[in-house]
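User: I would like to learn how to read a few features of a protein model. Could we go through them one at a time?

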Protein chains: 2
Amino acid sequence: MKRKTKGFSWFGLLWANRMLNLHLVPVGWTRRPLKVPSNLLILYSLRVFFSPMLFQIDHFGFAEDRTFKQRYLIADQHWKKDTGSILFYTGNEGDIAWFANNTGFMWNVAEEFDAILVFAEHRYYGDSLPFGNKSYTHLNYLSSQQALADFAVLIQHLKNTIPGTENTPVIAIGGSYGGMLAAWFRMKYPHIVIGALAASAPIWQFDSLVPCGSFYKIVTEDFKKSGAGCSETIQNSWAAIKRLQWLSHTFRLCSPLKTKTDVINFREWLRGTWIYVAMVDYPYEAAFLQPLPAWPVKVTKSKVTGIRALSSLVSHATHDEDGVGLGLPLNSLSLLLPLPYSAQPDFALPQFPPQPTEPFSQECFKAWGVRPRPSWIPTFYGGKNISAHSNIIFSNGGLDPWSGGGVTKNITDTLVAIMIPEGAHHLDLRSNSPFDPTSVLQARLLEVHYMKLWLQKGRQPFGLQGPPNS
Amino acid sequence: MKRKTKGFSWFGLLWANRMLNLHLVPVGWTRRPLKVPSNLLILYSLRVFFSPMLFQIDHFGFAEDRTFKQRYLIADQHWKKDTGSILFYTGNEGDIAWFANNTGFMWNVAEEFDAILVFAEHRYYGDSLPFGNKSYTHLNYLSSQQALADFAVLIQHLKNTIPGTENTPVIAIGGSYGGMLAAWFRMKYPHIVIGALAASAPIWQFDSLVPCGSFYKIVTEDFKKSGAGCSETIQNSWAAIKRLQWLSHTFRLCSPLKTKTDVINFREWLRGTWIYVAMVDYPYEAAFLQPLPAWPVKVTKSKVTGIRALSSLVSHATHDEDGVGLGLPLNSLSLLLPLPYSAQPDFALPQFPPQPTEPFSQECFKAWGVRPRPSWIPTFYGGKNISAHSNIIFSNGGLDPWSGGGVTKNITDTLVAIMIPEGAHHLDLRSNSPFDPTSVLQARLLEVHYMKLWLQKGRQPFGLQGPPNS
């Protein structure tokens with residue numbers, strides 16, 4: 001099947017500018033809407049719910065008074081009323097079923113915590129569309145603040161409707177952008193969640209809170225660690241990429257690269273590939289976005305004769321018989337595009353190398369009708385000055401480029417950082433595996449330890465109404 | 001000067017339904033826009049500023065990208081860089097000059113705290129109008145959340161532009177609705193203010209957090225305290241009010257009451273009068289809204305021969321030669337009407353006696369195009385479950401009806417309540433006076449004590465960027 005480079009170009013340019021060069025999208029990777037896999041349903045008695053139509057589309061203004069249905073998944077077979085808890089996944093940019101399927105940690109500890117598992121879908125993703133199939137042309141209400149308000153209302157709704165949960169303590173759990181949401185949820189709604197596990201959550205990857213280059217530095221480090229020559233091969237490739245004919249030949253492209261734009265797109269696609277491989281450098285075969293072998297960076301090293309072999313690792317799933325199907329792997333990396341995550345202007349991240357903001361602002365405005373507000377996230381969520389908060393675990397993978405924007409040192413006794421040197425992007429949230437490095441096993445034990453501590457100390461006897469007769 | 005009861009009726013009905021019977025407006029009293037009084041400027045070197053046009057009209061959505069100018073007042077003659085602080089008044093529903101003039105406490109302690117005083121105007125009031133003179137037809141961005149975001153951005157702006165203030169700790173101070181804002185500001189932006197003094201802030205006067213009748217119970221108590229007969233006279237009056245002719249005669253009304261609606265309006269006007277007198281039962285002559293003598297409830301008692309004398313106390317400023325100018329006193333109580341405070345749907349308070357919500361919702365929608373969301377404030381700000389926060393003083397006047405919705409007992413070591421038995425509505429925020437009861441003097445001392453404690457313990461060495469090289 002031939003794919004047009006035309007479609008690819010548009011997506012590619014937009015995606016590349018946003019995701020890579022200009023970093024509009026900070027974290028995570030998303031997927032096309034999925035159906036909840038039937039094996040998940042059978043394995044875990046996971047049930048799918050939609051909230052009643054009581055979720056305000058706009059929590060912060062009153063002119064838009066319409067409501068929408070939020071989707072959430074519940075597994076309650078381990079729930080015990082008196083000793084139980086609610087482990088609440090703060091859904092991020094994608095179909096919630098996919099996150100439920102990729103957050104094995106919660107399933108693994110459900111029994112230990114006598115827990116109800118709840119996976120809440122982020123508005124504008126999956127089946128939680130405020131304006132149905134017209135949602136992507138009404139993006140005004142896509143923001144982390146609105147999403148957190150949804151979670152707060154959903155938890156109130158659950159407590160009002162599931163008998164025996166009125167006073168059950170809730171712990172927020174999330175990875176990547178979902179990890180930011182978990183941390184921010186505890187910061188802004190400590191009356192609703194007693195603590196948060198924020199895995200691979202680069203809450204400081206905003207404005208000028210961390211040095212611009214920290215992200216790419218870690219990508220480069222990952223490839224360096226995999227052995228001599230690998231990082232250099234990639235570095236040398238950037239010059240070679242300018243030679244159109246060589247490129248089309250080496251990559252056996254379906255359509256030869258012709259214009260300068262084609263080359264830019266191709267380069268950005270490659271850059272995305274390296275980032276992706278570094279992010280998902282898991283110790284076993286995984287299909288975080290694309291099916292990949294264990295330790296893909298190392299595998300790459302052992303197989304690589306040039307950049308082609310490495311990138312083909314990522315694109316093999318969509319490999320045509322006669323050539324690399326450039327379109328599809330790129331689209332699979334840019335699946336977030338139809339999901340308008342990148343239209344959240346507060347997610348404008350610093351550019352590397354630093355670039356004038358005005359052209360970027362113009363570009364955003366053209367594409368989405370909105371302009372970036374780079375300082376809003378630190379102003380609203382506190383930047384590096386978050387020590388007044390409590391009960392948040394920030395876990396980070398040493399191999400994960402996003403750890404550069406994460407909290408990697410303890411801030412207080414109750415705002416703690418966990419480093420997982422052999423960990424990729426929120427490896428700790430994945431299911432236990434015999435291939436797990438010791439560091440991630442230790443991290444999970446520590447996470448459970450802190451979560452139990454919160455439950456012991458902070459079991460909230462009363463809801464928003466306070467104690468009786470207060 | 002004759003006033004039409006027609007105009008009065010409309011304002012009266014709306015105001016009565018909102019302020020009194022249905023409680024849409026929870027706290028405080030407001031004034032028509034004022035110019036900053038020149039004596040204030042001379043006395044205190046108060047300077048008037050407007051923020052640059054960098055304040056987003058909508059902090060929580062991105063489609064409305066316009067900005068507006070916020071007004072704020074600064075007095076910095078006592079400011080000392082190394083030991084200083086910023087005392088920040090979180091402006092509520094009215095012209096900020098008026099609050100600066102009625103918050104003598106801040107002026108009294110400025111030198112002791114080496115402080116810069118800042119009085120920030122609430123959006124949609126005074127000269128801080130997001131859409132200029134069309135603001136009241138664009139009310140979508142009038143909410144406490146937007147106002148708090150304005151304050152956060154303003155403080156960032158001040159720290160960026162006033163040399164030496166980068167690391168100066170900020171304490172939020174406010175009374176009534178402004179007190180709620182001060183408390184909520186600390187809860188939601190602890191990275192921006194190290195603590196808050198929330199005076200007479202009924203943060204629990206929402207949903208079903210406190211018993212419905214607590215407010216009127218305190219009003220009644222106030223009149224009972226003033227001596228035998230006073231409370232009973234008022235109670236008996238409600239039946240008498242049904243007699244139109246008697247009313248028109250007794251009150252020497254400019255236009256006789258004719259319809260049932262006239263009577264309802266009149267009754268609500270009277271009810272407002274009692275509430276107002278109870279709220280502002282200050283120990284000295286004051287002009288919180290209307291010029292009143294010291295201890296107006298007691299004065300009323302000594303003069304009262306019926307309800308007329310009492311109510312005429314409030315209306316005397318606008319007393320016509322030949323009759324009570326019903327229109328003006330009511331208008332002066334309903335001054336908040338042209339200032340669309342009551343259009344904040346999250347401020348829908350419980351009704352007493354409880355009434356079906358749907359007609360109320362319909363009425364709000366007709367008047368303002370918005371519907372009440374009674375549970376949103378507790379969900380967003382935590383209801384009675386606020387123990388995770390810190391460094392907030394809740395002060396309450398024992399004579400103040402709003403203390404029924406306030407925090408009157410310590411919650412933790414750092415969330416403390418101060419009761420002022422002889423205090424009316426945020427008496428503690430007013431200037432020191434020889435007539436002050438001991439309880440308010442003690443309260444002010446205690447407030448200063450806690451504020452100093454926060455400064456000693458919590459002096460933030462770094463801003464949002466954190467320590468150098470972190």
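Analyst: Start with the elements: helices (H or I, at least four residues) and strands (E, at least two) are DSSP runs, numbered from the N terminus. This is a predicted model, in which local features need pLDDT of at least 70, side-chain atom pairs count only at pLDDT 80 or more, and totals for chains, interfaces and linings use all residues. Residues are numbered from 1 along each chain as its sequence is written, chains are lettered from A and ligands numbered from 1 in the order in which they are written, and side-chain values use heavy atoms, with hydrogens and water left out.

User: Where is A:Asp114?

Analyst: A:Asp114 sits in the loop between helix 4 (104–109) and strand 6 (115–120) of chain A.

User: Is A:Asp114 buried or exposed?

Analyst: Buried means under 20% relative accessible area, exposed over 50%, and partly exposed in between (1.4 Å probe, protein chains only). A:Asp114 has 13% relative accessibility, so it counts as buried. B:Asp114, at 12%, counts as buried too. B:Leu446 is in helix 16 (residues 438–458) of chain B, and because its relative accessibility is 36%, it counts as partly exposed.

User: At what angle do helix 7 and helix 10 of chain A pack?

Analyst: Axes are lines fitted to C-alpha atoms, for helices over the stretch in contact, and angles run from 0 to 180 degrees between N-to-C directions. Angles under 35 degrees count as roughly parallel, over 145 as roughly antiparallel, 65 to 115 as roughly perpendicular and the rest as oblique. Helix 7 (residues 214–225) and helix 10 (residues 260–279) of chain A pack at about 70°, their axes 9 Å apart. Helix 7 of chain A is therefore roughly perpendicular to helix 10 of chain A.

User: Which residues of helix 7 and helix 10 of chain A meet?

Analyst: Contact means heavy atoms within 4.5 Å. From helix 7 of chain A come A:Phe215, A:Tyr216, A:Val219, A:Asp222 and A:Phe223; they meet A:Arg271, A:Trp274, A:Ile275, A:Val277 and A:Ala278 of helix 10 of chain A. The buried residues of helix 7 of chain A include A:Ser214 and A:Ile218. Just after helix 7 of chain A, A:Gly227 has a positive phi of about 135°.

User: In what order do the eight strands of the open sheet in chain A run?

Analyst: Two strands pair if DSSP finds at least two bridges between them. The order in chain A is 1-4-6-5-7-8-11-12, with mixed pairing. Strand 1 (47–50) and strand 12 (415–420) of chain A are at the edges with a single partner strand each, so one side of each has no neighbour in the sheet. The twist from one strand to the next averages 20°. Strand 11 (residues 392–397) and strand 12 of chain A pair in the parallel sense over six bridges.

User: How many residues of strand 9 of chain B are buried?

Analyst: Six of the six residues in strand 9 (residues 392–397) of chain B are buried. B:Ile392, B:Phe394 and B:Asn396 point one way, while B:Ile393, B:Ser395 and B:Gly397 point the other way. Strand 9 of chain B pairs in the parallel sense with strand 8 (residues 195–199) of chain B over four bridges, and with strand 10 (residues 415–420) of chain B over six bridges.
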